[in-house]
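Subject: A structure for you to look at

Hi,

Here is the structure I promised to pass on.

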Amino acid sequence: MEKVNIKEKLNLFNEYWSPRIIGEVNDSYVKIAKFKGDFIWHTHQKEDEMFYVLKGSLTIKFRDKAVLLQEGECIIIPRGIEHMPVADEEVYVMLIEPKATLNTGNIINDRTMETLEKI
């Protein structure tokens, strides 16, 4: 049991859309990431996921609406819901999701990260 300084961990990388693992809670990873620009439309068929905005603002687009998250706000996206994160400016995010969750969900492409770095 050791404390984690999230600001220090965020300073260890600069890549966007490339989550890093900072811890584990039961069968889930706690991840941090930097986002900028549009991601891809995708679905997680078996996993819920939580986005918590640490710095900046993040829009989560759904097919029927968009939800703007500001610093200190979060959203839990239930499994099976198609979504696309969008960050007009750089945003820092914490994610909590099951260990088996792929960042691109049901889409496999050049943004898919099958193995994540633990920092």
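Let's begin with K34, which sits in strand β2 (residues 28-38). A word on naming: strands (E, at least two residues) and helices (H or I, at least four) are DSSP runs, numbered from the N terminus. Before we go further, please keep in mind that this is a predicted model, where local features need pLDDT of at least 70 and side-chain atom pairs count only at pLDDT 80 or more, while totals for chains, interfaces and linings use all residues. Residues are numbered from 1 along each chain as its sequence is written, and side-chain values use heavy atoms, with hydrogens and water left out.

**K34, a charge without a partner**

K34 is buried but has no salt bridge. Buried means under 20% relative accessible area, exposed means over 50%, and partly exposed is in between (1.4 Å probe, protein chains only). A salt bridge is a side-chain nitrogen of Lys or Arg within 4 Å of a carboxyl oxygen of Asp or Glu. How far from K34 is the nearest side chain of opposite charge? That side chain is E90, and it is 5.1 Å away. (For charges, Lys and Arg count as positive and Asp and Glu as negative; His and the chain ends are not counted.)

If you set aside neighbours within four places in sequence, K34 is in contact (heavy atoms within 4.5 Å) with residues including N14, Y16, W17, V91 and Y92.

**The salt bridges**

The salt-bridge rule gives a count of 6. One of them joins R20 and E15, with the closest N and O atoms 2.7 Å apart. R20 is buried, at 8% relative accessible area, while E15 is partly exposed at 41%.

Next, find E24, which is partly exposed with a relative accessible area of 43%. K118 forms a salt bridge with E24, and here the closest N and O atoms are 3.6 Å apart. This pair links distant parts of the chain, since K118 is in strand β8 and E24 in strand β1, 94 residues apart. K118 is exposed, at 54%.

E24 also meets K99 in a salt bridge, at 2.6 Å from N to O. Why does this pair tie together parts that are 75 residues apart in sequence? Because K99 lies in the loop between β7 (84-98) and β8 (117-118), whereas E24 is in strand β1 (residues 20-25). K99 is partly exposed, at 33%. Put together, E24, K99 and K118 are linked in a network of salt bridges.

**How the strands pair**

Two strands pair if DSSP finds at least two bridges between them. Strand β4 (residues 57-61) runs antiparallel to strand β5 (residues 66-70), and 5 bridges join them. A hairpin through 4 residues connects β4 to β5. To see the pairing, look at L58, which stands opposite L69 in β5. β4 is also joined to β7 by 3 bridges, again antiparallel, and there K61 has M84 as its bridge partner.

Strand β3 (residues 49-55) pairs with strand β6 (residues 74-77) in the antiparallel sense over 4 bridges.

**What the record says**

The UniProt annotation "domain: Cupin type-2", from an unreviewed entry, covers residues 38-93. UniProt positions are given in the numbering used here, feature names are shortened, and annotations may be inferred rather than shown by experiment. In the model, this span is 0% helix and 57% strand, and its end C-alpha atoms lie 14 Å apart.

**One last spot**

Is I108 buried or exposed? I108 is exposed, with a relative accessible area of 57%. Its place is in the loop between β7 and β8. The C-alpha atoms of I108 and H42 are separated by 9.7 Å, although the two residues are 66 residues apart along the chain.

Cheers
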